[in-house]
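Have the sequence and the model open while you read.

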Amino acid sequence: MTMFQDGVITPSISAATVFRKVHWAILPLFSLIAAFCYIDRTNLAFASIQLNQDLGFNAQVYGLGSGLFFLGYSLFMVPSNLVMLRVGPPRWLGILVTLWGVVAASFAGLSSAAQFYWLRFLLGAVEAGAFPGMWYYLYLFYPVEAMTLPLAVIEAAVAVANVASAPLAAGLLLLQGSGGMAGWQWLFLLEGLATVALGLTTASVLPASLASAAFLSSQERHWLMQKLDQQPGAGRGGGAGGGGGGGGGLLLTSPAAGREARGLREGGGSPRPSYTGEGGGGGGGGGGGGGWRAALLEALLNGRVWCATGGAAVAGTGGGRTGASRTQAWYVAVMGLMKNIASHGILFWAPIINKALLEHRDMDPVRLDWSTHRGGGAVGAAGRPAGVGGAGEVEAESGGWGASIAAVLLSGIPFGCAAVMSLWLGKRSQAKQERAFHLAVPYFVATVLLASLPRLSAASPALAFGAVAIAVACVMGTNSIINSYVPVVASGPSVPVAMALYNAVANLGGLLGPWIIGELVWRTGGYGDAFRVMGAVMGVAAVMAWRTRRWARVGGPPGGSGEELPGINLKALDLEDDPAF
């Protein structure tokens, strides 16, 4: 029996079986990591019901502290991914998950605004490499055109985590006073310790490379590596120093691999990439440079690393699409920035906004006295001047703890909608091999709903809440599609750095979104202007998404929606055929 002929799999092995094994070996763990990542990142929104009141935080402190997470997240994104290339994704992910669990649990000892700011920044720094590391690991096991659905599964897990975290947070907040601790302290402590336990098991569960993936037979591993090697942009980046004499920027090569970008697939154990800095002539493979520490320093200081996200540019070779790739990668990053301003702004303010809706407060006529509203307190009477209440006196709550807990529980509903949207839209986008339309239309819908929210809340709080749920589904349910742009516009050895750069720039929106809403609420006394701004931001993202429809492999395959990869039936990658999904 011939095992491999022109990349055709043996009769005894089916592509559906191979990818089903890959799905089950990777996606459940990555879904857990993504879920815990978002639980520890966003549990502040639920804790704010008690924390703001206990610690005396106003809208500005809470908004800034919420956003500072994303400053650390963005600054440490690229360094974290470069360390990952040195020590290997499984080991590095295990370290990161454990560290951020420790930091998350440390919030239980929070006592001042300064500590709040530093812990949020540190939490962002240690979480920075998690998502790009998972994306890159998927890139080592899946064809680029088949990554949308696995990414959708991970994003759905994030949405489900936001649903589950609401009743979980409500239950932990009810521990108020137990053991002499506040409910928000129990929330941070227990959820952080659970993350530490997950981190300690991560490295031992994931295989170090495709070559060492024990869940596949040797024939299946061989076949999958052949398929991945046939992907567009999968060829060599030119070798170490092979691009000629000009200043070549940062070069990533893996002597254990035939291809730099896919080195982890073939290399056993942790990868040991070598790095060559500027000015390398046509030397031998993998030599030179000042070692890993020097390469990391250059990665932080060399502008070429931060700008040359096209595969040929990073590899130090020529290439006609280098300039286009570089521009497109930054374009996608800015589009992600716009989207994240809105999504994270809503995310961190959702319980507080829900409580305002439960109290039947209009968003525009009302003037909020933040000192009475923080921590779920009563909203000030209509007509009270904006920003009043600097003394921080807390009036009696209009709804009591019942309204506060109800607000927390209601926060899970929009994210349940986002989970459904993520799976449905991700599957449809992958089946059609089209991204631009599947991204732009939901963004336009979110634009209209967010901008209309003040009027809807005046008409009916229930109608306004429904609009929020649909808007969140349209914004967060499309994350897998925008994330799948990155390996399309970048290629070869640039992919891990391009993924990190995209995530670093896009997640600055997490800093800006909560801060913008906090400032507008504080200065105007209502949420109306804040949501109009969020709607305008999503409008920019929608226009940007629509303009990508003519990009290669974004607006649909040149041969129509049914075009498939060489030797791979895309339906074999679909989770629908697996009865367990």
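Here is a short tour, from the whole chain down to a helix and a residue.

This is a predicted model, where local features need pLDDT of at least 70, side-chain atom pairs count only at pLDDT 80 or more, and totals for chains, interfaces and linings use all residues. Residues are numbered from 1 along each chain as its sequence is written, and side-chain values use heavy atoms, with hydrogens and water left out.

Some numbers for the protein chain:

| Item | Value |
|---|---|
| Helices (DSSP H or I, at least four residues) | 24 |
| Strands (DSSP E, at least two residues) | two |
| Buried share (under 20% relative accessible area, 1.4 Å probe, protein chains only) | 60% of 581 residues |
| Accessible surface (Shrake-Rupley, 1.4 Å probe) | about 19,900 Å² |

Now for the inside. At least three core residues come from each of domain 1 (12-229) and domain 2 (324-369 + 400-553), with bounds from an automatic or database domain assignment.

Leaving aside neighbours within four places in sequence, Tyr-485 is in contact (heavy atoms within 4.5 Å) with residues including Val-332, Arg-435 and Ala-545.

Ala-545 is also one of the buried residues of H24. Helix H24 (residues 528-546) reaches 27 Å from its first C-alpha to its last.

Methods. Buried < 20%, exposed > 50% of the residue type's maximum accessible area, 1.4 Å probe, protein only. Expected span 1.5 Å × (residues − 1).
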